[in-house]
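I opened the model to look up its charged pairs, its chain contacts and a few backbone angles. My entries follow in the order in which I made them.

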Protein chains: 2
Amino acid sequence: MSVVQVNTPGGNYPIHVASGRLTQLAQSIPADATTIALISNPTVFALYGETVLNALQSTEKKVVQVLIPDGEQYKNSQTLDQIFDALLQNRLDRKAVIVALGGGVVGDISGFAAACFMRGIRFVQVPTTLLSQVDSSVGGKTAINHPLGKNMIGAFYQPIAVEIDIDVLGTLGQREIAAGLAEVIKYGMITDADFLHWCVENAAALTALQPDVVQYAVQRSCELKAYVVSQDERESGLRAILNFGHTFGHAIEAGLGYGEWLHGEAVGCGMIMAAALSAEVCGLAPEHVQLVKDLVAAIGCPTQPPQWEADKWIDLMGLDKKAEGGQLRFVLLPELGKSVVQAVDVTTVKKVLAQF
Amino acid sequence: MSVVQVNTPGGNYPIHVASGRLTQLAQSIPADATTIALISNPTVFALYGETVLNALQSTEKKVVQVLIPDGEQYKNSQTLDQIFDALLQNRLDRKAVIVALGGGVVGDISGFAAACFMRGIRFVQVPTTLLSQVDSSVGGKTAINHPLGKNMIGAFYQPIAVEIDIDVLGTLGQREIAAGLAEVIKYGMITDADFLHWCVENAAALTALQPDVVQYAVQRSCELKAYVVSQDERESGLRAILNFGHTFGHAIEAGLGYGEWLHGEAVGCGMIMAAALSAEVCGLAPEHVQLVKDLVAAIGCPTQPPQWEADKWIDLMGLDKKAEGGQLRFVLLPELGKSVVQAVDVTTVKKVLAQF
């Protein structure tokens with residue numbers, strides 16, 4: 001088992017990465033917990049519900065099951081209210097613990113429910129997709145969507161533990177694996193050139209989910225994300241680099257309609273565009289732009305963005321919630337493994353868009 | 001002007017207490033704020049909206065007005081959504097600042113909106129009732145109600161400043177003043193016997209809103225609450241003493257239907273009951289129980305609780321969200337100006353209930 005320790009002002013907690021971790025969940029439930037609320041969706045619960053319930057039985061605590069609808073379109077205030085209704089109808093108190101079993105939607109909304117219920121109860125993240133294992137379950141960002149924007153309503157709220165079972169990845173489709181790997185290689189690009197080159201060498205083993213390779217990739221991704229988050233829990237500075245590829249990626253998601261491309265696929269393609277912009281603005285070498293593109297292709301993500309007019313791209317990127325006071329800011333790579341946040345003028349952005 | 005500094009892990013901020021403070025609000029708006037969202041209700045806005053808008057004009061920032069319905073029954077998720085809709089329709093970003101102009105309802109829901117909007121933006125509390133000036137605006141408790149319980153959904157989230165203008169108290173009715181004074185004398189009872197005796201001596205001047213007396217009472221209340229909150233932001237220990245009188249008080253509010261008695265009135269009467277329980281359990285002198293009762297009467301709060309069967313009281317108190325694992329815990333006074341939190345068995349509670 002790998003253990004990654006996360007330290008933030010909002011809380012310190014371990015991430016456990018191992019095969020068979022679902023059967024050990026009871027280890028993360030504090031002795032003084034009064035009740036466990038297991039939040040999941042019907043799809044994930046059908047696969048792992050029984051294993052998890054069995055694992056939690058050894059705590060001898062009451063387990064309340066809360067199943068929420070499956071899909072990003074349900075990460076909203078109605079589903080959040082459904083969770084609160086269930087917690088209150090079952091008379092959960094401040095010493096209850098939420099266990100979030102599922103992908104990013106379940107984790108984000110369950111974490112936000114934990115942040116708000118009685119002004120904050122403890123929760124454990126049990127991410128069941130590769131994307132959520134390496135991204136959303138680490139760092140304490142919780143949220144729901146609003147009709148006018150994704151993740152607009154939320155909190156920075158840290159779990160008490162993250163339990164990652166790599167065995168669950170076997171049930172994911174190839175697109176979901178590619179989408180998760182996009183975030184994995186992102187950590188290499190923005191913070192760790194050695195890890196990036198390791199990903200290049202192991203791309204085939206990663207897409208084939210070779211266990212030891214996957215375990216290391218997940219562990220290293222969590223370490224790198226934990227490092228960034230520990231420096232900047234509330235995204236006032238360094239944490240912004242985690243958005244590498246996301247400005248273009250969000251534009252793709254918004255322009256095509258959310259769900260058409262997976263988030264990770266859009267980020268994968270967005271990283272190629274951001275690498276090209278880096279070459280233009282801060283001197284990333286052309287062969288490194290090519291390396292980014294080849295690696296995105298090797299993990300199975302799309303490399304060709306939608307063919308839109310430049311103005312449509314600019315509009316879509318202007319809507320990004322990180323656009324403070326109207327500036328277009330990007331995370332860029334001066335070299336592989338290093339990243340900066342920089343404002344770029346619209347003319348330069350359009351010049352790069354024309355390359356695609 | 002009095003300045004009370006609040007220091008908590010979640011943030012440090014000043015409370016300004018003065019006559020005419022509404023006209024100086026611009027001083028609390030940070031220079032880098034992009035937009036100001038002024039949240040209020042139609043009643044308060046009709047009285048002070050123009051003064052506040054004039055005061056904010058000197059910042060030269062865009063001000064978005066958000067008026068929410070007046071009343072505790074609107075401190076719910078629908079009104080919260082209305083606020084989020086307005087913030088997003090007006091394209092507020094992470095550097096926007098919320099100004100909450102109103103009583104506890106406006107402050108609680110606006111603070112919670114600030115806590116959640118884009119995972120947290122800055123906000124300024126401008127409490128316009130005595131109760132909110134001495135209680136809810138200090139300490140960072142924000143929340144909305146749920147059909148199954150008050151303040152069930154919320155956050156600990158600190159404002160960047162609290163601006164208290166004592167001139168606004170002149171428009172309050174006598175019942176609202178009494179309800180606010182109940183919390184003022186509470187601080188004396190639980191933490192500061194000198195202040196309690198000062199309240200006894202100045203009870204008439206307090207109910208008459210004599211400005212210098214009111215300013216000192218508000219300042220001292222904020223100091224005492226700030227001291228408690230700075231020791232225990234998230235209510236894991238000491239902060240519980242602020243609930244003196246609240247277990248009985250909440251039972252009165254819930255049993256009569258919320259709004260029948262004002263919260264402060266219920267707490268006022270609840271403190272008499274908690275004092276009587278203190279005499280029974282931890283030796284508060286009978287003459288001090290009498291002092292509590294006389295002072296509650298002097299500030300104009302009811303001293304006679306509803307005449308219910310003991311079991312109804314117990315049921316109503318068991319529903320309190322602070323009831324962890326089924327125990328009935330009370331804040332008690334071993335002597336005036338000192339408080340403890342203690343579990344009390346039902347038999348003893350019933351014995352004291354029989355005295356009323």
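**Entry 1: Arg119(A)**

I began with Arg119(A), which is buried at a relative accessible area of 5%. For burial I used these classes: buried is under 20% relative accessible area, exposed is over 50%, and partly exposed is in between, with a 1.4 Å probe and protein chains only. Arg119(A) sits in the loop between α3 and β6 of chain A. Helices (H or I, at least four residues) and strands (E, at least two) are DSSP runs, numbered from the N terminus. The phi of Arg119(A) is positive, about 65 degrees, although the residue is not a glycine.

**Entry 2: Ground rules**

I noted that this is a predicted model, in which local features need pLDDT of at least 70 and side-chain atom pairs count only at pLDDT 80 or more, while totals for chains, interfaces and linings use all residues. Residues are numbered from 1 along each chain as its sequence is written, chains are lettered from A and ligands numbered from 1 in the order in which they are written, and side-chain values use heavy atoms, with hydrogens and water left out.

**Entry 3: Arg91(B)**

I then looked up another positive phi, that of Arg91(B), which is near 55 degrees in a residue other than glycine. Arg91(B) belongs to the loop between α2 (77–89) and β5 (97–102) of chain B. Arg91(B) is exposed, with a relative accessible area of 62%.

**Entry 4: Salt bridges**

How many salt bridges does the structure hold over all chains? I found 26, a salt bridge being a side-chain nitrogen of Lys or Arg within 4 Å of a carboxyl oxygen of Asp or Glu. Side chains of opposite charge can pair when their charged atoms come close.

I looked at Asp32(A) and Arg122(A), which form a salt bridge with 2.8 Å between the closest N and O atoms. This pair links distant parts of the chain, 90 residues apart: Asp32(A) is in the loop between β2 (11–18) and β3 (35–40) of chain A, and Arg122(A) is in strand β6 (residues 122–127) of chain A. Asp32(A) counts as partly exposed at 40% relative accessibility. Arg122(A) is partly exposed too, with a relative accessible area of 22%.

I went on to Arg175(A) and Glu265(A), whose side chains meet in a salt bridge at 2.7 Å, N to O. Here again the pair links distant parts of the chain, 90 residues apart, with Arg175(A) in helix α5 (residues 174–191) and Glu265(A) in helix α10 (residues 263–282) of chain A. Arg175(A) is partly exposed at 45% relative accessibility, whereas Glu265(A) is buried at 5%.

**Entry 5: A network**

Which residues are linked in a network of salt bridges? I listed Glu72(A), Lys75(A), Asp108(A), Lys150(A) and Glu253(A). Within this network, the side chains of Lys75(A) and Glu72(A) meet at 4.0 Å, N to O. Lys75(A) is buried, with a relative accessible area of 3%, while Glu72(A) is partly exposed at 32%.

I placed Glu253(A) in helix α9 (residues 246–256) of chain A. Is Glu253(A) buried or exposed? Glu253(A) counts as buried, at 4% relative accessibility. Leaving out residues up to four places away in sequence, Glu253(A) touches Lys150(A), Tyr258(A), His263(A) and Ala266(A), where contact means heavy atoms within 4.5 Å. A polar contact of 2.9 Å joins the side chains of Glu253(A) and His263(A). A polar contact is a pair of N or O atoms within 3.5 Å; within protein, one must be able to donate a hydrogen and the other to accept it, and residues adjacent in sequence count only if both atoms are side-chain atoms.

**Entry 6: Chain A against chain B**

I checked the relation of the copies: a rotation of 180 degrees with 0.0 Å of shift along its axis superposes chain A on chain B, with an RMSD of 0.0 Å. That is the relation of a two-fold axis. The superposition is by least squares on the C-alpha atoms of residues with pLDDT of at least 70 in both copies.

I found 35 residues of chain A in contact with 35 residues of chain B. Of the interface residues of chain A, 100% are also interface residues in chain B, so the copies meet through the same surface. The two chains bury about 3100 Å² between them, 56% of it on carbon and sulfur atoms; buried area is the accessible area (1.4 Å probe) that two parts lose on being put together, summed over both.

Between chain A and chain B I counted zero salt bridges and eight residue pairs in polar contact, both residues at pLDDT 80 or more. On the side of chain A that touches chain B, the elements giving two or more residues are α2 (77–89), α3 (104–116), β7 (141–146) and β8 (149–156).
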